[in-house]
Amino acid sequence: MLLCDFHIHTKYSDGSVELRKVIDIFGQAGFDVIAITDHVVNGDSMIGKFAYQFGLTITEKNFNEYIEHVKYEAERAWNKYEMLVIPGVEISKNYVSSEKSAHILILDIKEFIPPCESYEFIFLEAKKQNALVIACHPHQMKGEIRNTLYLWNNRDKYGKYIDAWEIANRDDVFSVISLMKYPYIANSDFHKPSHLYSWKTLLNCDKNIESVKKCIKLNKGVAITLFRG
Amino acid sequence: MILWLLIGLISMSLMVYALQIMALRKKIRENYTAIELPPVSIIKPLKGIDDNLFDNLESFCRQDYPKYELILSLQHKDDPAYRVAEKIRNKYPNIVKIVVDNSHKALNPKVKNMIQAYEISSYDYFLISDSNVFVEPDYLRKTVAAMSKDTGLVTNLIMGVGGKSLGAKLENLQLNSFIILSVCFLDKFLRMPCSIGKSMLMRKKDFEEIGGFNSVKDVLAEDYIIGKLMHEKGKKVVLCSHVIKNVNEYWSIKRFFNRHTRWAKIRWKIAGLKYFTEPLGNPVFISSFLPLLDGFSRISIIGVLTVMSLKVMFDLYVSRIIKSEIGLSSILIPFKDLLTAFMWFIPLFNCKINWRDNLYTIGRNTIIMPYEKGKSIRLIFNKLKAAFAS
């Protein structure tokens, strides 16, 4: 089984660790597959504007540089640790109300997707790029003032676009996902080194991007594990 | 009068510290020439993910040495370190072996982890090495070179590197000052056998003569006991001048606190009354009594600041000798010294040890027993009951 984490932030957005060091932290710990998913924040809200002001988001301007950097590090990770690194983003639609907010992981993204567009546009654009769409932390999280509940509350409308749901995020587990029998993965939502020790995904598939995406989509040979050092 | 006594103590403490630095300088200059390079089995017990684990293990696969094997030993396949061990074995299949075994009985988890690896090891020379150690390619060659005919054990100096979090920075400052200096001082001036578990090279014949792992399976400081038994057998315990790196990047303060209270408890149980001389190596702590005795006067504050500055300069000099980079972390030195002074008191009141999620009670010569909650209260109660009954 491949030990995987598909939700990782670096200093490109609000993570506290440089991309290269993040790769090394996961490589040194024996991971097989990771995805780098820095925030792409909507700029049409007060919270979004704040993220742009303080450089806590990938923008259309630095998106290509970001992807190139991730690809460069992916090659190094493969050569050194035999670890597969998938470029991705976390499209973050942030509003004051938890009911209006949603975060979406786009794995294996190729081109910039504007976060202010509608959900349908974002999902279809991701599909066009043959990227994987994951709804992250879709339910109430312990200790969070602001949650991201929009996709869960509108699952009947958007469920068809979503390839998998985060059933566990860092230390939280969302049992509603398993009750609904939705496809699932578990991630750390890594922002700092201590987040390494959290929920992870185990995949029973080959170690290449297409196999990984297929395994998540079909949701066969998927398990979750609580990774403790 | 007391004030003058304190000033005398501070001066003495600074002198002791200077002597320790002298011991380190002498030690670092030592050189050895290898007469032969026998094959070596390196035994590496693994448990959990250490900072830099992959690179640490790989550094042992890149030794400039003619013939050796690396045995990675774990107790369970579901240990997170197993994946890293497998990756290393796949990369260096001719050097690396993995042993998973939990069948042997030993209270010391590290010893328990190594027994099977020792049994399957191929060569007469074997080296015990911790998983959090990174070495340069000439490490094995230089360490073996320090092994003469009458030597029973070769151990290495350690320095902390890579500190990124506050806890890791404190850890590395402590390793690169108090720990490395005390070890050199004991070795050079007091001629005491000093063995460090992070790297211990021995011959199987000598090791079995002192009882092998059986003699250390239920003690916490297996490294110290092995060194002591070798010394008692008339074999030399050599502290090799080659410095190995202990990589500590993302430690929490809690972890730093846990390790150094554990080590303090070991020193208390080994040294007994000599433990009370230890604060002499901490001038910052002794100088902190100045304002208490003299009030927070200008002179006492200047006194404390002077001692702190001197201590920082001393530690910067030590870092130059061992080629470590302290940088801005040096401002933490006084804080670290006061924190470790506080930790020094803990063993006097508490003998509970938490080591890699195992809880023990530590006794004389670091003999360990599984910790039971309320055991000490029960013991007192039983003694009182017995006293009344008699």
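Trainee: What pLDDT does chain B average?

Mentor: This is a predicted model. In chain B, 98% of the residues score at least 70. The average pLDDT of the chain is 91.

Trainee: Why is chain B described as being as compact as a globular protein of that length?

Mentor: Chain B holds 14 helices and 11 strands. For its 390 residues the globule rule gives 21 Å, and the chain comes close to that, so it is as compact as a globular protein of that length. The radius of gyration is 22 Å.

Trainee: What share of the residues in chain B is buried?

Mentor: A residue counts as buried with 20 or more other C-beta atoms within 10 Å of its own. Of the 390 residues in chain B, the buried share is 43%.

Trainee: How many Å does helix α12 of chain B reach from its first C-alpha to its last?

Mentor: Helix α12(B) covers residues 298-321, 24 residues in total. At 1.5 Å a residue, 34 Å is expected. The helix comes close to that, at 35 Å.

Trainee: Which helices do the buried residues of α12(B) pack against?

Mentor: The buried residues are B:V307, B:K311, B:D315, B:V318 and B:S319. Their partners belong to chain B too. They are α1 (2-28), α6 (166-188), α10 (283-287) and α13 (333-345).

Trainee: How many residues of chain B are in contact with chain A?

Mentor: Chain A contributes 10 residues to these contacts. Those residues divide into 5 nonpolar, 4 polar and 1 charged. On the chain B side, the number is 11.

Methods:
Residues numbered from 1 in each chain as written. Chains lettered and ligands numbered in written order. Predicted model: local features only at pLDDT ≥ 70, side-chain atom pairs only at ≥ 80, totals over all residues. Contact = placed C-beta atoms within 7 Å. Nonpolar A, V, L, I, M, F, W, Y, C, P; charged D, E, K, R; others polar. pLDDT = per-residue confidence, 0-100. Helix = DSSP H or I, 4+ residues; strand = E, 2+ residues; numbered from the N terminus. Expected span 1.5 Å × (residues − 1). Buried ≥ 20, exposed ≤ 12 C-beta atoms within 10 Å, placed from the backbone. Rg over C-alpha atoms; globule rule 2.2 N^0.38 Å.
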